[in-house]
Amino acid sequence: MVVISRAALSPHCFRDEITTRRKFSVSNVVVNVRKTSMGFSNRVVVGGGCRRGKSVIVGASPPIEDTVVVTEPLTKKDLVDYLASGCKTKDKWRIGTEHEKFGFEFESLRPMKYEQIAELLNGIAERFDWNKVMEGDKIIGLTQGKQSISLEPGGQFELSGAPVETLHQTCAEVNSHLYQVKAVAEEMGIGFLGIGFQPKWAIKDIPIMPKGRYEIMRNYMPKVGSLGLDMMFRTCTVQVNLDFSSEADMIRKFRAGLALQPIATALFANSPFKEGKPNGFVSLRSHIWTDTDKDRSGMLPFVFDDSFGFEQYVDYALDVPMYFVYRNKKYVDCTGMTFRDFLAGKLPSIPGELPTLNDWENHLTTIFPEVRLKRYLEMRGADGGPWRRLCALPAFWVGLLYDEVSLQNVLDITADWTSEEREMLRNKVPVTGLKTPFRDGLLKHVAEDVLKLAKDGLERRGYKESGFLNEVAEVVRTGVTPAEKLLELYNGKWEQSVDRVYEELLY
């Protein structure tokens, strides 16, 4: 039996306060899990709790320092059962939206420095009663209830929203967050930009955040791809996290999500500038993932195999090279080694030591395919954008995946798409958007059918949510992506000055 003492939590997963306790048994592993009615908690814990207060240090990030008693090692079955524990009945399905944005100085348009970010985080904590998340003596995030604010490697400001029932709640959450952030930031001369790629500044101009895991990633990325540092320091995304009821339901949603991810990329394409000039893409952010680290990104063709399920995803994740293990309040560099090695106690960095479920959970957050499986599914294909589109992205996916009729129609439409066609769309859409040729037409024509399915699915839910799709309906109708509209402005009234985008896409 493995007893895990405290919780691990990545910057990219939901942070949930304790509401109830339950026993979670995984084969020969017994741990206590913090359970919420929302179902997105990734924390595996024993003891402790979150005390409200402005200076409390919350165990949200970095990962916890494990005090581990190992009587039996983890098995692959334990890891499979961990993923399967995410299954929940439809009445427990929730919507979790995460979005990132670039902070900048109004006067210079330069990215926020860490010192400014720390002031901003402290100000939000004090004014709006958030709990502080510390790494050493550095503030690196905030938590409040089931929401959290965290920092990406280049200071991108991320809200990880609470799991909620309706899109109206999602949009209200986004509006409340932006109000709070702006209330403090504007007094500091700081604004926030909703775009998918840093439009003006080079990597050398981007401040580095004081988070240990990012130092390991920064050293490793250039060894496995040419664009990994761009991904870390100069991209922003919006994503939605959704539940599944069973392994079969997970498979159907995973396949639908992967097949349609290029359409989402096109609808939300919003990263046409780099270092002050057009970059040749409508979604440079999406293109960057094609040469970041092929071991941990991409379209995962094996998801469409007849044999696919939780176990096959575990087999994939076991062989994705690790980044780190967190021990003794430090990140131990494990790059180039695999979790399969770790299961066998064969990590040279920590010889003979065996993993816990916390380690597995942390490892899953370092895998970046277009759709990611944890104990829920993450749709990861969209560029960051202005606030209206932050509500449209979850609306698009909820309408398609949370309605059985729409989901089945998506699976029917995409059933005969080949792996080569899916890969072609993945590679070409960042350049040509909805104008990408597909079979006997354009991707725009497929998007028209898909958007109707999303709208119908939302209407059948009965919450009057279909209006949130209005922001992308015009994109589908015209075939013109948000990025192409920005390029038109750049070549027109902006007189080829990218500085105007900071006003156009200001939150």
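Let me start with a cysteine: C87 is partly exposed, at a relative accessible area of 27%. On the terms here, buried means under 20% relative accessible area, exposed means over 50%, and partly exposed is in between, with a 1.4 Å probe and protein chains only. C334, by contrast, is buried, with a relative accessible area of 0%.

Before I go on, a word on the source. This is a predicted model, in which local features need pLDDT of at least 70 and side-chain atom pairs count only at pLDDT 80 or more, while totals for chains, interfaces and linings use all residues. Residues are numbered from 1 along each chain as its sequence is written, and side-chain values use heavy atoms, with hydrogens and water left out.

Now the overall picture. The protein has 17 helices and 21 strands. Those are DSSP runs, numbered from the N terminus: H or I over at least four residues for helices, E over at least two for strands. Of the 507 residues in the protein, 63% are buried. Contact here means heavy atoms within 4.5 Å. Among contacts with a separation of 6 or more, 76% are between residues 24 or more positions apart.

Back to cysteines. How many disulfides does a search of the whole structure find? The search finds one. The criterion is a pair of cysteine sulfur atoms within 2.5 Å. The pair is C171 and C391, with sulfur atoms 2.0 Å apart. C171 sits in helix α3, residues 167-185, and C391 in helix α11, residues 387-401, so the link joins distant parts of the chain, 220 residues apart. The angle about the S-S bond is 85°, and the link is right-handed. C171 counts as buried because its relative accessibility is 9%. C391 is also buried, at 2%. As a reminder, a disulfide is a covalent bond between the sulfur atoms of two cysteines.

Next, helix α4, residues 212-224. Where does α4 bend? The bend is at R218, by about 25°, and a proline, P222, follows within four residues. The bend at a residue is the angle between axes fitted to the seven residues ending there and the seven starting there. The buried residues of α4 are G212, R213, Y214, I216, M217, Y220 and M221. What do they pack against? Their partners include the strands β6 (131-135), β8 (147-151), β15 (324-327), β16 (330-333) and β17 (368-369), and helix α5 (228-234) is also on the list.

Helix α5 also holds D230. That aspartate is buried, because its relative accessible area is 8%. Leaving aside residues up to four places away in sequence, D230 touches F197, I203, T235 and I288.

The loop between β15 and β16 contains N328. Its phi is near 50°, a positive value in a residue other than glycine. N328 is exposed, with a relative accessible area of 59%. Q496 also has a positive phi, near 60°, and is not a glycine. Q496 lies in the loop between α16 (482-491) and α17 (501-504). At 52% relative accessibility, Q496 counts as exposed.

Now a pair of helices. The axes of α6, residues 247-267, and α14, residues 443-461, come within 10 Å and cross at roughly 105°. Axes are lines fitted to C-alpha atoms, for helices over the stretch in contact, and angles run from 0 to 180 degrees between N-to-C directions. α6 and α14 are therefore roughly perpendicular to each other. The classes are under 35 degrees for roughly parallel, over 145 for roughly antiparallel, 65 to 115 for roughly perpendicular, and oblique for the rest. On the α6 side the contact is made by L260, P262 and I263, and on the α14 side by L443, V446, A447 and V450. By class, this contact has seven nonpolar, no polar and no charged residues. Nonpolar covers Ala, Val, Leu, Ile, Met, Phe, Trp, Tyr, Cys and Pro; charged covers Asp, Glu, Lys and Arg; the others, Gly among them, are polar.

Two C-alpha distances to finish. N427, in helix α13 (residues 419-432), is partly exposed at 38% relative accessible area. N427 and H287 are 140 residues apart in sequence, with their C-alpha atoms 7.1 Å apart. A162 lies in the loop between β9 (157-160) and α3, and is buried at 12%. The C-alpha atoms of A162 and Q144 are separated by 9.4 Å, the two residues being 18 apart along the chain.
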